[in-house]
Amino acid sequence: MHDHDSKDSIEYVRLVGGERRVGSTLESVSNHWRGGKECFMFISPHDDDVVLGGGLLMQLAQKENVSVYILIVTDGSMGYCNESQKDTISKVRMEETYKCYESLGIARENIIWLSFPDCRLSKYRGRDHSDKQDKISIGGYCGLQNSFTYWLRKIAPTQCFLPTSNDLHPDHKIVHEEFLISLFHAAGNIWPELGAKIERVPYVHEMGVYCDFPEPPQLRVTAPESIMAKKLEAILMFKSQEQIESLVDIVRKSGPCEYFRPLEFKFYHPATHYDAFEKKHHIPFIK
Ligand SMILES: [Zn+2]
């Protein structure tokens, strides 16, 4: 039995260096909280990914008056489990997706479809000219970096959450890579047809969905049973996904907790390497 089983309350634990911050709001364990400006964007390679990894956090964030957006990258067209669904699965999943996230309090207009073809994301890396009729075209261009940059500028989230780079599905790996570089495109002056640049690069956390984190997570979110029950019900909205019951089972057994790992970008500053080459750290070489 974990002690959270008896708590039935909201708890955030954030590990920072040797420090363990505990609080009942995310604000109370955050150093860079921006009050009414806080806005979260969950990036979901497939429609059901972020409810699995962040279905508690997205409910709790709204209790702290944070607006929550869901960006769904693919159209779900390869997610059929029987032949008769082949032509209708995208539409079915779209309806299931609205039901799922609306049941967690997210407004329909905050659920954004990028509509890239499921399982074919490798063809949509980067940015390219496009036919304006194409549904993934924005500003006369297509590609993942084009869409991500556009939506980052339009919504200007303060924090973003996406599945870890460790997930095996290539769609997850590609989204991870293309999204991270898009953060910097969005904060720069390039591609002005995609909107005004964002003031600052949002904080980014990875969430656990299928595979474990590449490095241990540093934020644990624990929710009351009622919030957990809503998450489980929301996952079950994806009725067309026949494997969903087994995923619900895993989520239920794991308890009402979610884990997140902050992504830190290490930029190159040559000066940081200077000292390591100084003679005080080494024994002399004698030839
Ligand atoms: Zn997925």
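**Ground rules.** In this predicted model, local features need pLDDT of at least 70 and side-chain atom pairs count only at pLDDT 80 or more, while totals for chains, interfaces and linings use all residues. Residues are numbered from 1 along each chain as its sequence is written.

**Helix α3.** I took helices (H or I, at least four residues) and strands (E, at least two) as DSSP runs, numbered from the N terminus. I looked up which residues of α3 are buried (20 or more other C-beta atoms within 10 Å of the residue's own, placed from the backbone; exposed is 12 or fewer, partly exposed in between). They are Ile89, Ser90, Arg93, Glu96, Thr97, Cys100 and Tyr101. These cover an arc (of directions from the helix axis to the C-beta atoms) of only 125°, which puts them on the same side of α3. An α-helix has 3.6 residues a turn, so residues three or four places apart point the same way. Just after α3, I found Gly105 with a positive phi of about 90°.

**Loops.** Asn65 lies between α2 and β4 and has phi near 60°, a positive value in a residue other than glycine. I counted 10 C-beta neighbours inside 10 Å, so Asn65 is exposed. Ala156, between α4 and β8, has phi near 50°. With 18 such neighbours, Ala156 counts as partly exposed.
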